[in-house]
Amino acid sequence: MGRGQPVGWAAHRRAVDTLKASYAAIPLGDTVRLAKKTSNLFRPRAEVHHGLDVSGLGGVIEVDPAARTAEVQGMCTYEDLVDATLPHGLMPLVVPQLRTITLGGAVTGLGIEATSFRHGLPHESVLELDILTGAGEVLTVRPDNEHAQLFEAFPNSLGSLGYATRLRIELMPIAAGVRTRNVRFDELDDLLDVVGEVMKTGQYEGRTVDVMDGVVFRPGESYLVLGHFTDEPGPSSDYTGQDIYYRSLRAKATDRLAAYDYLWRWDTDWFWCSAAFGAQVPAVRRLWPRRYRRSDVYHRIVRLENRYGLAAKVGRWRGELDRERVVQDVELPLERTGDFLRWFAREVPMAPIWLCPLRLREREWPLYPMHAGQAYVNVGFWGTVPIEPGRADGDVNRLIEDKVFELGGHKSLYSDAYYDRETFDRLYGGPAYRAAKDRYDPGHRLTDLYDKVVGRR
């Protein structure tokens, strides 16, 4: 079946039955994990011999253009979801940056993008979902039914409370294109002042802002990308060829992208991380097929390096220092973001840095306790730093954790974490998590959240 083609309810029910049977077949005491081909996690994990069969749960069941909703299977990638909604002039309220992030993954692990200053996080547009729990049941979960506790605790539980098999989500209109302004700032505080203004008014210099994110190249050079949806005709930029999107922010004051290309503007070069594989060298880029210039390809290369350590061995042979992976997304209160960025520039030699403003839509969520009504900025940085003499692998990540905690922020849990259990419980809703865990996974068959994140199980 082609991308964007509905799978239908009958096929969905068969896939759920297959999933339940595969769960029942896993011996008690064995680690439970999804058997899927792609992952956007960055922490190494222990090997497992049994995986849940989710092979039939990767599609869109149906789109309702009148109600502006979609029924989506849990393992559906945002790439396939967008392919199904765009023909109707609709998009999910938040489309995370990378094509192979799954809807279920974004909801249970959190996601973010340039619409998040208006629409929050992906789980906030979920109206209803079916979850395979640790007890082996598939429950329909809503904020107003008997399973409201699970609905509230599911975001940021990372599969430790169950796996989404179906989600009903809100959709919103999107035009044919997105026109952007790339506004340069020499002072970080000036950029953050504009972020605050846009979050309060929804406008900049009298024009509606539908999307907003930014890039810091260095403390004295940063860009805020302010865009609005438009059906006005005109030429559109193409960043799947020789041109590279993040570099265009320095070269162009304004830009226009087709809606589809805008949604995946960061995927082609994995923001800027494709440089590590030579994919930004013009000669290499011309030889590198377009269909392989995408985040999941780069991620496979990283997984091979994690397994075999070839680049690390070459570096040691050259006499270079070993390197620590620093791949993190953190959320800071808007008023403390400047303090963090200046500290980061002094302490962590890494750039560029991604900025993505956000706020919760209406309510708070216990396992990721940001405050409703508070403006935040997501700060994303992805790379490696040398392990200086006298330091151990992980020390820079620990410094970052401590600073984010000091400034009243949180960090996403898709990568390395080093918290002790007491701090982790305080930051990530320990009491609410344990209550939901005891109710919906009474045998504790699914790996505990702390053991997954910090213990890398």
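Me: Which residues is Gly162 in contact with, leaving aside its neighbours within four places in sequence?
Reply: They are Ile131, Leu132, Thr133, Phe154 and Leu446. Keep in mind that this is a predicted model.

Me: Where does Gly162 lie, and is Gly162 buried or exposed?
Reply: Buried means under 20% relative accessible area. Gly162 has 1%, so it counts as buried. Gly162 lies in strand β8, residues 162-173. Val138 is 24 residues from Gly162 in sequence; in space their C-alpha atoms are 9.2 Å apart.

Me: How many residues does helix α6 have, and what should they span?
Reply: The expected span is 1.5 Å times one less than the number of residues. Helix α6, residues 188-201, has 14 residues, so it should span 20 Å. Its end C-alpha atoms are 20 Å apart, which agrees.

Me: Which residues of α6 are buried, and what follows the helix?
Reply: The buried residues include Leu188, Leu191, Leu192 and Val194. Val195, Gly196, Val198 and Met199 are also buried. Gly202 follows α6, with a positive phi near 75 degrees.

Me: Which residues other than glycine have a positive phi?
Reply: Trp270 is one of them, with phi near 50 degrees. Trp270 lies in the loop between α8 and α9. At 8% relative accessibility, Trp270 counts as buried. His444 also has a positive phi, about 50 degrees. Its loop runs between α15 and α16. His444 is partly exposed, at 44% relative accessible area.

Me: What joins Ala351 and Pro352?
Reply: A cis peptide bond, with omega about 0 degrees. Pro352 is in the loop between α12 and β16.

Terms used
Residues are numbered from 1 along each chain as its sequence is written. This is a predicted model: local features need pLDDT of at least 70, side-chain atom pairs count only at pLDDT 80 or more; totals for chains, interfaces and linings use all residues. Side-chain values use heavy atoms; hydrogens and water are left out. Helices (H or I, at least four residues) and strands (E, at least two) are DSSP runs, numbered from the N terminus. Buried means under 20% relative accessible area, exposed over 50%, partly exposed in between (1.4 Å probe, protein chains only). Contact means heavy atoms within 4.5 Å.
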